[in-house]
Amino acid sequence: MTVSQVVFILLSIAALGGALGVVFARNLFRAALALVLSFVGVAGFYVLLEAEFLAMVQILVYVGAIAILIIFAIMLSRRMMSSETQPWNEQWVGAVVVAAALFAALVFILSRVDWPATEAQVPADSISQLGQALVSPDFYVLPFEVASVLLLVALVGAVIIAREQ
Amino acid sequence: MEISLPTFDFLVVAPEIVVLITALLVMVVDMVIGREQKGRLAWVALVGVLAAGALSYYLWDGSDPALHDMLAADGYALFLNLAILVAAALAILFSLEYTGRVGLAQGEYYTLLLLSTAGMMLMAAAINLMTIFLALEILSISLYVLVGLNRAERRSAEAALKYFVLGAFASGFLLYGMALIYGQAGTTSLAGIRAAVQAGGEPSALLLVGLGLMIAGFGFKVALVPFQMWTPDVYQGAPTSVTAFMSVGAKVAGFAALGRVALYAFGDLQGDWRWVLAVLSALTMTVGNLAALRQANLKRMLAYSSIAHAGYALAGLAAGNAQGTSGLLFYLFAYAFMNAGAFAIIIAAGRFEGATGGGETLDDFAGLAARKPGLAVAMALFMLSLAGVPPLAGFLAKLYVFGAAVRGGLIWLAVFGVVNSVISAYYYLRVVVSMYMREGRPAAVPAPVCAGLQVGVALAAVAIVLLGLWPGPIVDLARVAALALLGG
Amino acid sequence: MVPASYYLILSAILFTVGAVGVLIRRNALVVFMSVEMMLNAANLTLLTYSRFLGDVQGQVFVLLVIAVAAAEVAVGLAIVVALFRHEATTDVDEANLLHG
């Protein structure tokens, strides 16, 4: 086993363990911490896939902003921390069946497809290439601009919904 | 390092830019004008929407330009722009008095309405998985907020939560589907995916799984069975003017992107997706109609009816031919008028109930013809058109999509549609009967109906009559638009 | 060197776990977290393909999705807080004033 394979297994344990923790933890706060673990695990995969910039963005946005926001929301609605209400709803049997079927189908297909045996060479300046692609008019500046509209929507929307009457 | 300025032909996205700038303008004006002048924001918004509509029409010269494989201003996008802008303009007219009555924050209301409109237009224009996803999120997130904007009403907040949770869930499926398609095709551009599909021979199973997941994601947006469960609660809980807007706009945008992905990118795999859409279409119209039969609340009834209409419109897509596509486009255009109009009458009826928030049930409509004959005539027209009674727009729309389904070899689907239309006539006519045949109680508040709403209702009513009697010009436009998508 | 299919199967598992979380849990915040995991799984798929295809589009897409996720969470949590003011619950199923 090579080093990267060992790392892959460790990261898998983190990402999947965190994910299972979110779904099955009875305490909301623990679920949020498990979510952080899962996010960090995925960031590790990004490093393994040699996308260091995205790994950093993943940590900054998902762990630094999204997870923290969720924890804030948990604390803002304090009653939830103490009350560990019925965690699962009644449709869990059906849900598990549907999810298992989806998963089986995905794995069956994924394991049969031929994949490129070798990874493509990552250019040394991949980050600057990504940056150029994002703002170059010939590539992705348009979705980049559209994303700014999206952030404006979120800004206006979150303020108007959450502000006191 | 060399920095080049973008060399865009901004004219391609001029209608979207006009709507976006108007949204920003509304925000700024909102900050500088006094509290009692907020009503004027609606006029700013309306001017922007009308300007964008005029631009969309003016830009349509058959050249079908595209911006870097991201957005296109082809006939397909411009035609759908018109339907979306009709819905937005009507919604603004219907909101004039309603926003004040229920106490919505007008600056944010019109800003988000315009941003959502821009998202829908971008979605109609999107020719890349990235732009489709972003546009969908713009329109969805602004709709989540608009649904929950009535903060005095707890139902509104609940509806927003329900819509958000299920909407985000659907986005997850959509995105995963896009990821699988990207992996198989090696590109996110729809043209690239089309080329990959054409070159591929036997399609890879993952590509089809990806398409299936995307259909599920879009199916949620346009409320196809089995992704429809949020619709009645959200339509009922949302402010009625928002319901009028989203019941049309979100459907048009969802069908726009679904049409592009299925008919254009996966056009060569018709055999693989047509039967899925046909089954979904039959299920959707049946479930929607059967549930609508049992509703006493008109907002809920119209919610189920809108599910049924998504099923009818989908029949045009399932037909998989040019007639079906132009039929779908005509359907969406006609639907914009009749459905938004029906919700407008509910807004008007609520006016007579004072602050109780009533005016939504069948009983509230009893005897409306005696009290407000004009409103009753308009409502009767909308109901008959939704039921598909000739010679109104709704009848022709159904004729086109079912006719296309027959030509596409889906005779059983057309039969299903006709039977369903007959069933649906029962609950639409029940409203008409209630207005004309039953004794009503006098209005709690004998208030006049807002002039803007009257104008909007009159326009919508005239439009469905004209579309029914002289469909020629719009049908021709729809045909050109369909050819822009399918190539012809 | 880890083959692509490992990453893809792992993200399929993550996606499924997230979907199960949305379907079986009642609490709105847990449902949010599960949705975020689904988006994460989709991102991992995109990035894996991007890496093995040697194509930058996947990375750009991931970056945009992260922005979308942030926007979604901001609005979603605002809605939760607004609803909590009304009725002090974040239970999705309990919020059933509107009957089917």
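Helices, as the term is used here, are DSSP runs of H or I with at least four residues, numbered from the N terminus. The structure is a predicted model, and on these terms chain B holds 19 helices and two strands.

Buried residues make up 66% of chain B, while 81% of its contacts with a separation of 6 or more join residues 24 or more positions apart.

Most residues other than glycine have a negative phi, and most peptide bonds are trans. The exceptions below include two cis bonds and two positive phi values.

| Site | Feature | Angle |
|---|---|---|
| Val225(B) to Pro226(B) | cis peptide bond | omega near 5° |
| Pro390(B) to Pro391(B) | cis peptide bond | omega about 5° |
| Glu50(A) | positive phi | near 60° |
| Ala223(B) | positive phi | about 65° |

Pro226(B) lies in the loop between helix 8 (205–222) and helix 9 (231–237) of chain B, and Ala223(B) belongs to the loop between helix 8 and helix 9 of chain B. Ala223(B) is buried, because 28 other C-beta atoms lie within 10 Å, whereas Glu50(A), with 13 C-beta neighbours inside 10 Å, counts as partly exposed.

Between chains, 65 residues of chain C are in contact with 72 residues of chain A. Helix 3 of chain C gives the most to the side of chain C that touches chain A, with 21 residues, and the residues of that side divide into 48 nonpolar, 11 polar and six charged.

Key: Residues numbered from 1 in each chain as written. Chains lettered and ligands numbered in written order. Predicted model: local features only at pLDDT ≥ 70, side-chain atom pairs only at ≥ 80, totals over all residues. Contact = placed C-beta atoms within 7 Å. Nonpolar A, V, L, I, M, F, W, Y, C, P; charged D, E, K, R; others polar. Buried ≥ 20, exposed ≤ 12 C-beta atoms within 10 Å, placed from the backbone.
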